[in-house]
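Have a go at each before reading its solution.

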Amino acid sequence: MQATQIPPITGTVTPADLLRMAALYLRRHGWHQGTYYAPTTDTVTPPACAAGAIGVACAGHRVEHFSQLDGDALADYLTTLAVFVDYLDTHEPIFHIDEDGYLVDEHTSAYSWNDDPGRTAEQVITALENAADEWDSLHTTGGENR
């Protein structure tokens, strides 16, 4: 195999792997709020939101919306996003008060969580990495997936 060839993937890619890939994407290319990607046409790897970075991790390229994914990439995206939402629900839930003053406890949206005006890139990257660590701790034993 030559140095420029990509070696074959021999193992199963887990949601934890994809969450870590999304975190790495954000570290390398930047973080964004408001849309999946920063509005730019001069790069194929623009800054992304958490969901956009997960999309890149699943598809291997920029995806404007998850509806553009199909097959395994779509299944991986939906599963990985659900793992991230479960992590956010447990560790960083968003609670809203409705117009009557009642607490509305809904699932934390990865989109609204990412777009919170007080959110930072490091918080998003850390949450993706922590969600990956949590998934691993719940789904691996002795190095093998259950």
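A polar contact is a pair of N or O atoms within 3.5 Å; within protein, one must be able to donate a hydrogen and the other to accept it, and residues adjacent in sequence count only if both atoms are side-chain atoms. The model is predicted, with local features needing pLDDT of at least 70, side-chain atom pairs counting only at pLDDT 80 or more, and totals for chains, interfaces and linings using all residues. Numbering starts from 1 along each chain as its sequence is written, and side-chain values use heavy atoms, leaving out hydrogens and water.

**Exercise 1.** Find the polar partners of the Asn114 side chain, and decide whether Asn114 is buried or exposed.

*Solution.* 
- Next comes the side chain of Asp115, in polar contact with that of Asn114 at 2.9 Å.
- Asn114 has 1% relative accessibility, so it counts as buried (under 20% relative accessible area, 1.4 Å probe, protein chains only).

**Exercise 2.** Work out how α1 and α3 are oriented to each other and which residues touch.

*Solution.* 
- The axes (lines fitted to C-alpha atoms over the stretch in contact, with angles from 0 to 180 degrees between N-to-C directions) of α1 (residues 15-29) and α3 are 9 Å apart, at about 80°.
- That makes the pair roughly perpendicular (65 to 115 degrees).
- On the α1 side, Pro15, Leu18 and Leu19 make the contact (heavy atoms within 4.5 Å); α3 brings Asp76, Thr79, Thr80, Val83 and Phe84.

Note on methods: Helices (H or I, at least four residues) and strands (E, at least two) are DSSP runs, numbered from the N terminus. Angles under 35 degrees count as roughly parallel, over 145 as roughly antiparallel, 65 to 115 as roughly perpendicular and the rest as oblique. Buried means under 20% relative accessible area, exposed over 50%, partly exposed in between (1.4 Å probe, protein chains only).
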